[in-house]
Amino acid sequence: MTESNRALAEQLNGRLRDVVLMLRRVNADQPITSQQLSVLGSLRDGPRRMTGLAAEHGVRLPTMTAQINRLERDGLVTRGRDVSDARVVTVGLTAEGDERLRSGRERRLEFLAERLAVLSEAERAAVAAALPALGKLFAAPGNP
C-alpha cells in the first residue's frame with residue numbers, strides 16, 4: 001500500500017463515516033431505524049433469501065433474523081418459502097413496508113438536495129464527477 005493510497009483511504013473513510021451518520025440523523029425521529037430502512041431497500045426488487053440479506057448487510061443470520069422479526073412484527077415484511085426449495089426462507093416487502101421505504105428515501109433525498117443546494121455549481125459538478133469512480137470503487141471485486 002502506497003503512502004498516498006493510505007492517506008486517501010483515511011480521508012475517504014472519514015467522509016463515508018460522516019455521510020452515514022448524517023443520513024442516520026435524517027430519519028432519527030422516525031419509527032424505523034436506518035438499518036431497518038436499509039433492509040427494506042434490499043427487498044425493493046422482490047423477495048430475497050435470508051442468507052443473502054445477511055451476507056449483503058455483513059451480519060450473521062441470527063442478527064438478520066432478529067431484524068426481520070421486528071420488521072415482520074411491524075407489518076413491513078412478510079416471510080415466505082422458496083418455490084424451488086421449501087427449506088429456504090424468503091422475505092418480501094409488504095405494501096406498508098414499500099410505503100415506509102419510499103417515505104424514508106424521500107426524506108433523505110430532500111435532505112441531500114438541500115445540502116447540495118448550498119454548494120457552488122463547480123462543487124456540485126465535482127461531486128457529480130466523483131460518482132462514477134465511487135461506483136467503481138464500491139463494486140470492486142472482493143468488496144465485503
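Guide: Happy to. The chain has an open sheet of 3 strands in the order β1-β3-β2, with antiparallel pairing. The edge strands are β1 (48-49) and β2, each of which pairs on one side only. Two strands count as paired if DSSP finds at least two bridges between them. This is a predicted model, where local features need pLDDT of at least 70 and side-chain atom pairs count only at pLDDT 80 or more, while totals for chains, interfaces and linings use all residues. Residues are numbered from 1 along each chain as its sequence is written, and side-chain values use heavy atoms, with hydrogens and water left out.

Visitor: Thanks! How many bridges do β2 and β3 pair over?
Guide: Strand β2 (residues 77-82) and strand β3 (residues 85-93) pair over 6 bridges, in the antiparallel sense. A hairpin joins β2 to β3 through 2 residues, and Asp82 has Asp85 in β3 as its bridge partner.

Visitor: What about Thr90, is it buried or exposed?
Guide: Thr90, which sits in strand β3, is buried, with a relative accessible area of 12%. Buried means under 20% relative accessible area, exposed over 50%, and partly exposed in between, using a 1.4 Å probe and protein chains only. Leaving aside neighbours within four places in sequence, Thr90 is in contact with Pro47, Arg48, Arg49, Thr78, Arg79, Gly80, Arg81 and Asp82. Contact here means heavy atoms within 4.5 Å.

Visitor: Zooming out, how many helices and strands does the chain have?
Guide: There are 6 helices and 3 strands, and from the N terminus on the elements run α-α-β-α-α-β-β-α-α. Helices (H or I, at least four residues) and strands (E, at least two) are DSSP runs, numbered from the N terminus. The C-alpha trace spans about 50 × 35 × 20 Å along its principal axes. Of the 144 residues, 21% count as buried.

Visitor: Okay, helices next. At what angle do α3 and α4 cross?
Guide: Helix α3 (residues 50-57) and helix α4 (residues 61-73) cross at roughly 105 degrees, and their axes come within 9 Å. The two are therefore roughly perpendicular to each other. On this scale, angles under 35 degrees count as roughly parallel, over 145 as roughly antiparallel, 65 to 115 as roughly perpendicular and the rest as oblique. Axes are lines fitted to C-alpha atoms, for helices over the stretch in contact, and angles run from 0 to 180 degrees between N-to-C directions.

Visitor: Which residues meet there?
Guide: From α3 come Met50, Thr51, Leu53, Ala54 and His57, and they meet Leu61, Met64, Thr65 and Ile68 in α4. By class, the contact of α3 with α4 has 6 nonpolar, 3 polar and no charged residues. Ala, Val, Leu, Ile, Met, Phe, Trp, Tyr, Cys and Pro count as nonpolar, Asp, Glu, Lys and Arg as charged, and the others, Gly among them, as polar.

Visitor: How do α2 and α4 cross?
Guide: Their axes come within 11 Å and cross at roughly 90 degrees. That makes α2 roughly perpendicular to α4. Gln35, Gln36, Val39 and Leu40 of α2 make the contact with Met64, Gln67, Ile68, Arg70 and Leu71 of α4. Those residues divide into 5 nonpolar, 3 polar and 1 charged.

Visitor: Why is α2 described as largely enclosed?
Guide: Because 7 of its 9 residues are buried, α2 is largely enclosed by the rest of the structure. The buried ones are Ser34, Gln36, Leu37, Val39, Leu40, Gly41 and Ser42.

Visitor: Where does α4 lie relative to the strands?
Guide: α4 lies across β2 and β3, running at about 125 degrees to β2.

Visitor: Last one: which residues of the largest nonpolar core touch the most other members?
Guide: Of its 15 residues, those are Leu40, Leu53, Met64, Ile68, Leu71, Val77 and Val91. α2 (34-42), α3 and α4 each supply at least two residues of this core. A nonpolar core is a set of buried Ala, Val, Leu, Ile, Met, Phe, Trp, Tyr and Cys residues joined through side-chain atoms within 4.5 Å.
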